Amino acid sequence: MTVWEAALLGVVQGLGEFLPISSSAHLVLLPWFFGWQYAGLRFDVALHLGTLLAVLVYFWRDWLVIIYEGFTRRQSTEGRLFWYLLLATLPGALVGYFLEDYAETIFRSPLIIGIMLIVMAVILYLSDTLAASYKRMHQLRLADSLLIGLSQALAIIPGVSRSGVTMSMGRILGLSRETAARFSFLLSTPIVVGAGLLQMKDLTAADLTLPFITGVAVSALVGFLAIKFLLRYLVRHTFNIFVGYRILLGLAVIVLAALRGQLHI
């Protein structure tokens with residue numbers, strides 16, 4: 001892998017992790033489009049650590065308060081949020097642990113990715129358009145957080161989008177767009193930490209090449225900017241721009257897969 005390829009994958013990860021367009025799908029599709037050799041799931045996880053750095057830097061004040069009040073003032077908004085986030089992480093963590101082999105093989109089919117990009121575009125559109133928008137973070141309930149956590153488990157399939165599916169569920173449950181996005185970003189922290197620790201234990205010094213470090217650094221920077229952009233964007237706009245992008249990309253993937261004779265799972 002060249003430094004240029006690693007940097008481009010870092011940009012893709014930084015944007016895709018927080019915008020509802022599926023980072024995992026783009027990390028599979030980019031090498032597939034251009035005929036690059038797949039860098040491996042370990043490099044994907046390293047890029048996720050870059051976006052973990054982004055979310056920690058952006059929300060570090062929030063996390064300090066959430067963790068502190070989680071143990072000292074459990075009935076406060078931030079105290080309850082700590083335990084809600086912890087419990088909401090469990091479904092995704094369990095599914096990721098037991099279905100990791102599928103994530104590396106069957107789920108990486110271009111046909112599945114193309115279909116899921118379109119299916120989730122429809123779900124994102126309907127949930128954003130038809131749902132009420134009245135709940136703020138202090139109105140979040142335990143049942144809401146658990147349902148959002150269950151939905152996050154579906155993100156093991158590339159094309160679903162962890163942020164997309166959790167924001168969609170948040171909107172269905174009545175969360176405002178900004179609240180749904182903020183909860184989704186906070187929810188990404190523990191599961192990315194867990195996945196990173198699980199995979200990074202196998203890293204050796206030989207893995208820490210310039211392309212590797214470049215990819216992590218770029219994903220962190222772009223991820224930080226993506227969070228900042230989306231939280232401001234959703235104050236006045238809908239998810240429609242992302243819906244349109246997902247549909248166009250999904251159709252392009254299916255057409256290209258057909259042309260290459262790869263319409264199989």
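Q: What is the mean pLDDT of the protein chain, and which elements have the lowest and the highest mean values?

A: The number gives the predictor's confidence in each residue, from 0 to 100. In this predicted model the mean pLDDT of the protein chain is 88, and 94% of its residues reach 70 or more. Among the elements, helix 5 (residues 100-104) has the lowest mean, 63, while helix 11 has the highest, 96.

Q: Which residues have the most contacts inside the largest nonpolar core?

A: In soluble globular proteins, nonpolar side chains tend to be buried together. Here the largest nonpolar core has 39 residues, and those with the most contacts inside it are Phe59, Leu81, Phe183, Phe185, Leu230 and Phe242. Two or more residues come from each of helix 3 (41-72), helix 4 (77-98), helix 6 (110-130), helix 9, helix 10 and helix 11 (240-259), and helix 9 gives the most, with 8 residues. A second, separate core has 11 residues, including Ala6 and Leu203.

Q: Which residues is Phe185 in contact with, leaving aside its neighbours within four places in sequence?

A: With those neighbours set aside, Phe185 is in contact with Phe18, Val55, Phe59, Arg162, Met167, Ile227, Leu230 and Leu231.

Notes. Residues are numbered from 1 along each chain as its sequence is written. This is a predicted model: local features need pLDDT of at least 70, side-chain atom pairs count only at pLDDT 80 or more; totals for chains, interfaces and linings use all residues. Side-chain values use heavy atoms; hydrogens and water are left out. A nonpolar core is a set of buried Ala, Val, Leu, Ile, Met, Phe, Trp, Tyr and Cys residues joined through side-chain atoms within 4.5 Å. Buried means under 20% relative accessible area, exposed over 50%, partly exposed in between (1.4 Å probe, protein chains only). Helices (H or I, at least four residues) and strands (E, at least two) are DSSP runs, numbered from the N terminus. Contact means heavy atoms within 4.5 Å.
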